[in-house]
Amino acid sequence: MHRFYLPPTQSRDDTVFLTGGEAHHALHVLRLRQGERMVVLDGAGQELLCEAQKLEPKSVQLAVVQRNTVPPLPCQITLLQAVPKGKIIEGIIQKATELGAHRIVPLLSDRVTARLDEESAADKAEKWRATAIEAIKQCGSAWLPQVDAPVTPREYLARGEKFELPLIASLQDDRRHPREHIKAFQDEKGRLPKTVCVWVGPEGDFTPAEMSAAKSAGALPITLGRLVLRSETAAIYCLSILNYELQTRAG
């Protein structure tokens with residue numbers, strides 16, 4: 001069954017409308033027909049079973065047949081990802097969405113070659129959000145992750161955000177398997193963490209100063225195994241482990 005996205009403000013009524021790119025995709029790519037059923041996701045936990053009522057040249061009118069509320073995952077996982085060169089970040093955002101990330105914060109670390117002004121940073125964030133939207137349509141998630149505008153690690157740390165379990169992928173000797181940190185938290189609190197963040201650096205890792213600043217803010221170093229992984233592989237590795245340990249097993 002085909003899936004589409006409408007933000008919550010456009011999916012509250014019993015009749016909803018696909019417009020813009022969603023309508024174009026429905027009409028000219030999928031060749032949607034009157035009476036055909038599809039799923040509309042609002043990215044905020046609502047899954048709408050709809051039926052095509054009226055097909056216009058630039059819009060599709062849908063009747064909402066059924067609404068399902070999908071509860072959020074038990075743990076909110078934030079990926080703090082150094083932006084790789086080229087378009088690799090788009091693939092990371094896609095996979096992070098499929099793996100249930102709650103939020104993605106692109107980081108312009110010292111070893112990131114890209115440098116963005118305020119306007120281009122906002123444009124990038126909007127483009128990356130569109131990537132996340134396509135990913136929830138593909139995987140069927142009712143929850144759209146928040147994709148922030150890119151910031152430097154220093155700017156991010158200045159916000160003072162807190163997580164129950166902050167982690168950072170590290171090549172240093174003091175790193176431990178993420179499962180050890182999760183178990184230590186569970187032994188102390190008697191439950192799994194509800195908010196987790198994981199820092200993933202660029203090629204060559206974060207600089208010593210960036211690593212030290214993140215650790216001073218509470219981030220616990222984790223190992224990703226014996227091999228040195230590319231940044232995009234490291235992100236998928238971390239999220240896969242956290243998804244299994246904190247989402248799948250908890251569910």
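Visitor: How many disulfides does the structure hold?

Guide: The structure holds zero disulfides, a disulfide being a pair of cysteine sulfur atoms within 2.5 Å. This is a predicted model, in which local features need pLDDT of at least 70 and side-chain atom pairs count only at pLDDT 80 or more, while totals for chains, interfaces and linings use all residues. Residues are numbered from 1 along each chain as its sequence is written, and side-chain values use heavy atoms, with hydrogens and water left out.

Visitor: What makes Cys-75 buried and Cys-139 partly exposed?

Guide: Buried means under 20% relative accessible area, exposed means over 50%, and partly exposed is in between (1.4 Å probe, protein chains only). Cys-75 has 3%, so Cys-75 is buried. Cys-139 has 32%, so Cys-139 counts as partly exposed.

Visitor: Why are helices α2 and α7 called roughly parallel?

Guide: Helix α2 (residues 88-98) and helix α7 (residues 231-248) pack at an angle of about 10°, with their axes 10 Å apart. Angles under 35 degrees count as roughly parallel, over 145 as roughly antiparallel, 65 to 115 as roughly perpendicular and the rest as oblique. The two helices are therefore roughly parallel to each other. Axes here are lines fitted to C-alpha atoms, for helices over the stretch in contact, and angles run from 0 to 180 degrees between N-to-C directions. Helices are DSSP runs (H or I, at least four residues), numbered from the N terminus.

Visitor: How do you know that Glu-22 and Lys-137 form a salt bridge?

Guide: A salt bridge is a side-chain nitrogen of Lys or Arg within 4 Å of a carboxyl oxygen of Asp or Glu. The closest N and O atoms of Glu-22 and Lys-137 are 2.7 Å apart, so the pair qualifies. Glu-22 lies in helix α1 (residues 20-29) and Lys-137 in helix α3 (residues 118-139), 115 residues apart. Glu-22, at 14% relative accessibility, counts as buried, and Lys-137, at 9%, is buried too.

Visitor: What is the count of salt bridges for the whole structure?

Guide: A search of the whole structure finds 13 salt bridges. One of them joins Arg-179 and Glu-245 (2.8 Å, N to O).
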